[in-house]
Each structure stands twice: as structure tokens, then as C-alpha cells.
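Try each task before you read its solution.

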Amino acid sequence: MDRLWTNARIATLTGDGLGLIERGAIAVRDGRIAWVGDVADVPEAAEVIDCEGRLITPGLIDCHTHLVHGGSRANEWAMRLEGATYEEIARAGGGIVSTMRATQAMDGAALVESALPRLDALIAEGVTTIEIKSGYGLTLDDEIKMLRAARALGKVRNVRVAATLLAAHAVPPEYKGNADAYVDLVCEQIIPASVGLADAIDGFCEGIGFSPEQIARVFDAAKAAGLPVKLHAEQLSHLGGASLAASYRALSADHLEHIDAADIAAMAEAGTVAVLLPGAYYFMRETRKPPVAGLRDAGVPIALATDCNPGTSPTTSLLLMLNMGATLFGLSVGECVRAVTINAARALGLQGEIGTLESGKAADLAIWNITEPAELVYRIGFNPLHARIKDGQCN
């Protein structure tokens, strides 16, 4: 073995709970987990690291972000404080379109540079895998530019990046009144050009976004390109997006404040992960919560993510999302930890590679200056990270 972390309390996340090993150790060879078990049975290793009783979890996974973007929307937030709604701001040329203009004005290198502080904040909290969406370019060249920036971030930092094409995020101003023509562009040009850069295709199914019929066209194009799908669904209203996503065996449906029992049943049957975004719920001062009890009872896997974006969730703290998932949405400690590990991995289609601590998976670990998993969820504004291990390397 190359390296052995020993004398730790290990939350493997295998099985249905936290999979705790009270006196555990993890051995790594060539960047992958080679052995996990009790300290009494440890194999020999070239380097042994005493964790002094600390808690080890899988590296955290932020499975829904809009990390790459230009500009800020602080002024729009101030407008909302004065009573303007998200829809009113969007229809007046603000919202996603204002970020589109700022993003289009930046080249790829500038987008990478502007995203690095946000990425570094997440890495500092033990995140080893992050999903990054496009969706602020809204032209062929600018959407591809965003995907390339997302990929570049995975090279300048030791972090796994899952890149998602979200060209169906908003209707650009030049297509106002003719959203179907923009969907033609997405399906016929942008999705084919994203093959090799994007890991999945996403869309925004809302009255201020795209209709279920338009999203179905996007999903058909994704299927033809061999790419899995996911969807922003039922955030502001109920259009049937979650059920549509499930009908395409989507990796995830995200937000979900307005889903109903039929949507939940469809997601459960399809294995589609429910990605809940408490940062957006909090920041937009929403009052309708996603039906966690219904999702739980149906066995739908629940993930949590930051939804880091400039308009509705300008947060770079996944640990804060754990606390919000518990305090705002009623998730248990175990559900919260699973929501940013194994279930977040499922939401990216990466559950065979990451999300649990077991032999054969990538050696992505977070070592914490705590012993109780509840400490990760309980504290607000406190980062107990001791060490972050990505592919067996501490950084």
C-alpha cells in the first residue's frame, strides 16, 4: 500500500446509513481505495498517518452549481428587498439575461480567473467533486466557452469537475417571442458541439424558461448525442417537469418545491435523484418547501447542493447547505451527509467512482477535526476540515 490513514472514525456511507467504523483505517494504492476496515486488521503501507480519532467521510460533492459566470447581481437582490419578484426582474431584462451579458463580455481565461475564488472556498470545505453548468452564454460560442472554462478549472485545481450543458436556461433577447427557434439552435447546433465537453444536458422548465414540450425536444437531442439529462423543475410552479425528467430516466431533477405525488412516484420508479437547493429557497425567501417526507417515503434519493449562482444562491458553502437542509427542510443528520456524498454522486452518475469509502473507488476523503457526524450539520459558519484528500493526495 502507498498510504494508510489509521486511528479514525470512518463514515463509509455504504449501506443505508452512515456505515460507521468506530476504530477504522483506510489504505490507498495508486490513488484508489485498496482496503477499509478495523485498525486491528490494517495492512502494511509505505506511509502511515495517525488521524488521532478524527472523523473521515468521503470527499464532499457539490452536484449543482453555476460556478462559472461573469458579473454580479447584488443590485437585483437589493431590488428584491424592496419588493420586486424574481419573475419581474427577469422580464425586465435582469436575472439570467443580465448575467448572460456579463459572461459573454469575458473570455475563457477571465471566466476561469473569476471562478477560482468561488471554487477555492468550496475546496476549503472538503469538496473534491463539483458539477459546473453553462447556461449564461446562450450562444453556440459562449456556451462552449463556458464548458471549456469549467474543464480548465479541473486542471488548475485538484478537483473533479462534471460539466453540464445548460443552454436551455433562458431565451436570449434576440429570440424573444420565438423560443422555439432558440430551442432549434440548442438541439441542432449547441448540443452536438458540446459532445466531448459536457457530461450531461440540463434545462430550466418554468414559465420564465422553457415549456415541457420544448424541454422534451432538448432531451431528445441529448439522447441522440448519447448524453444523460437532468432538469431544473418545479421551482416556481408546477409544469410537470419532474415527471418529464423521470420519463427520460434523468440523473436528477432539481429544486422541486412544487412537485406532487405523481412526480415523486415517477422519480422513484426512474431512480432520479431529488437535488434540493436550500440556498435558493432561503435567498429568494420562498415559503413552499419541497415535500421531503413524500420523497423519503417513496425512497427517492435526496441530494443537497449549493446552487452557487449570482442571482438566487450566491453561496460557496456546502457545509451551510447541510445545516439548511436540516433546519429548513427537516432532513436528518444521516440524510444530510448522504446528500453531499453518495446521493450527490448518483445525481452525477458517478456513484461507481465516488461517494462512498470502499475498495476500488477513488481515494477522495475529507478528514475532519470532529468525531461526530452531527457536527458537520449542526454548526453554522464553522469549518472543521483537517485535511482534504483527492485521488490519494493531500491538498
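Buried means under 20% relative accessible area, exposed over 50%, and partly exposed in between, with a 1.4 Å probe and protein chains only. This is a predicted model, where local features need pLDDT of at least 70, side-chain atom pairs count only at pLDDT 80 or more, and totals for chains, interfaces and linings use all residues. Residues are numbered from 1 along each chain as its sequence is written, and side-chain values use heavy atoms, leaving out hydrogens and water.

**Exercise 1.** Decide whether threonine 99 is buried or exposed, and list its contacts.

*Solution.* Start with the location: threonine 99 sits in helix H3, residues 96–104 (helices are DSSP runs of H or I, at least four residues, and strands are runs of E, at least two, numbered from the N terminus). Next, its relative accessibility is 2%, so threonine 99 counts as buried. Finally, setting aside neighbours within four places in sequence, threonine 99 is in contact (heavy atoms within 4.5 Å) with His69, Gly70, Arg73, Tyr136 and Pro310.

**Exercise 2.** Work out which residues of helix H9 are buried and what they pack against.

*Solution.* First, within H9 (residues 261–270), the buried residues include Asp263, Ile264, Met267 and Ala270. They cover an arc of only 135° around the axis, and therefore lie on the same side of H9; the arc is taken from the directions from the helix axis to the C-beta atoms. On the other side, Ala261, Ala262 and Glu269 are exposed. Last, glycine 271 follows H9 and has a positive phi, near 75°.
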